[in-house]
Amino acid sequence: MLYNLNLPIIDTSVVTLDNTTYALVTTAIPGEKLLAVLGHTNGFVGELQHSDRVMLCARTPENARALRARLPWLQPSVLGLQTSAGFGDRLGIATPGHVQSVRDTGVAPIFAQQSVRENTRTGRTPQQVLDDAMWGAFEAGWREPWGADADHLKALADIEPFIAAGYTFYTIDPGDYVDDDAEEDDTATLRQKASALPWSDLRSSLNETQQRYHRQFDIEDLPLAFDEYTLLKAVVKYGAAVAHMARMTRRIQELAGQRPFEMEISVDETRTTTALLEHFYIVSELKRLSVPFVSLAPRFVGRFEKGVDYIGDLAELEQNIAGHASIMRYFHNAYKLSLHTGSDKFEVYPITMRHTQGLVHLKTAGTSYLEALRLIASIDSSFFREIVEFACSRYDTDRKTYHVSATLAKLPVITSLTDEQLPDLLNQFDARQVLHVTFGSVLDTFGSRLDHLLNEHQADYQVFIKRHFDKHLVAFRSR
């Protein structure tokens, strides 16, 4: 037994299967953990210790692959229509806290979730993100299914590294092909634009499309009817996007081969809301083109901004979500509604669960990073002040690819706050958004110092993560 060797074992990680025991052990270096293998060590790369009875292995991609091959629950899998949540982790060390928060909730987790944009800003690869999540799940003793989300894929060239790493969930973002100007176009302009769409990719024509949709669709107590203008607007706004989704799907299918995967369709990062008729058009066309998807993220009314609660009229949002859920049911509940930029939207979660009966996917990302900064504010006030001042200097540049409305003028003056008041800055609207969207610049400048502190206080970070996500998941619990 490993315990007889007096190794500093992380108890929650210990697994014995087929006469071999696996565990993570700590070292004298904060944050460094090694894989200990007692028994059959073929396929692992490491050094034999304790009279050649145990092999200690670095957490390399090679050893991660070997461990996944031995312990199949460490391989990401498809999650289907279960209520689910994505836990983005920009630092690569938050998964044990995510496990603690999601355990016994009935929510299916996606532990590896990162977009191409976030990978670029953090300097991580899809393989690193997946391996970090896997090691975290192993450390925390998670043995249930979990997913890996290649988030916000925009181009065909984005796909291959995620396929190679073994991702199981692909979020297609066709935002570059959405024509938001259609909202303001007159009918003549829409006709002209519609004629120029890639109809061969859509395997149809404008005339056939008009024949399919120029009628009323009875959706519960919400009759929907396209007239010429509303259909042209839907076709012009989303037609090229649908064609791009089909292209992305074919590429994923080609690269994935027989490996199972799921897809999410994301049209939330656009300037205009997704009308109910447009939701209906998108789903109808995707089904006609045999594009499989497990969830859809529309652009809801109001504002879903980074790191803060919903901005807008909750009654209007509830009516909007109810309408989108009705369309989902019209299509036999074959997919889930997805809440993108979903972290910290505490007023939205009960509404969404009520109208979807649990057919919902929650997507979060930067809120785990903000909890890391809250911890830094608690243990090293001078360092946190440096981060805040630097983030303010970067905000106007780094905010450009995000939907945020914070202004620097509304931040509390950092020099006026006592050390005891600093953690509460993470509860202030403008400060949260400024710190949220400047993560890439902060990691470039302070990454090694952040890593060192957080590695010294990993147990505390897990407490912060669990406390924060307990508030997120309470509305989604089924157990």
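## Spaces and cores

The largest pocket holds about 680 Å³ of space. Its lining is made up of 29 residues, and Arg59, Leu91, Gly92, Ile93 and Asp132 are the closest to its centre. Sorted by class, the pocket lining has eight nonpolar, 11 polar and 10 charged residues. Please keep in mind that this is a predicted model.

Rolling a probe the size of a water molecule over the atoms shows where empty space is left. How many cavities of 30 Å³ or more are there? The count comes to two.

The largest cavity has about 160 Å³ of space. Among the 18 residues that line this cavity, Asp151, Lys306, Thr341, Lys363 and Ala365 are the closest to its centre. At least two lining residues come from each of β7 (108-115), α3 (116-122), β8 (147-153) and β15 (360-364). By class, this lining has one nonpolar, 10 polar and seven charged residues.

The second largest cavity has a volume of about 40 Å³. It is lined by 13 residues, with Asp89, Phe111, Arg124, Val129 and Ala133 the closest to its centre. Here β7 and α4 are the elements that give two or more residues to the lining, and β7 gives the most, with four residues. The classes here are five nonpolar, five polar and three charged residues.

Here are the spaces side by side:

| Space | Volume | Lining by class |
|---|---|---|
| Largest pocket | about 680 Å³ | eight nonpolar, 11 polar, 10 charged residues |
| Largest cavity | about 160 Å³ | one nonpolar, 10 polar, seven charged residues |
| Second largest cavity | about 40 Å³ | five nonpolar, five polar, three charged residues |

Now for the interior. In soluble globular proteins, nonpolar side chains tend to be buried together. Which residues have the most contacts inside the largest nonpolar core? They are Leu35, Leu67, Phe138, Tyr170 and Phe384, in a core of 138 residues. Helix α9 (residues 228-256) supplies the largest share of this core, 13 residues.

Setting aside neighbours within four places in sequence, Leu67 is in contact with Tyr22, Leu35, Phe44, Leu74, Met134, Trp135 and Phe138.

Terms used:
Residues numbered from 1 in each chain as written. Predicted model: local features only at pLDDT ≥ 70, side-chain atom pairs only at ≥ 80, totals over all residues. Heavy atoms only, no water. 1 Å grid on protein atoms, 1.4 Å probe; cavity = no way out; pocket = protein on both sides within 12 Å on 5 of 7 lines; lining within 4 Å. Points joined across faces, edges and corners; volume = space filled by probe spheres on them. Nonpolar A, V, L, I, M, F, W, Y, C, P; charged D, E, K, R; others polar. Core = buried A, V, L, I, M, F, W, Y, C linked by side-chain atoms within 4.5 Å. Buried < 20%, exposed > 50% of the residue type's maximum accessible area, 1.4 Å probe, protein only. Contact = heavy atoms within 4.5 Å.
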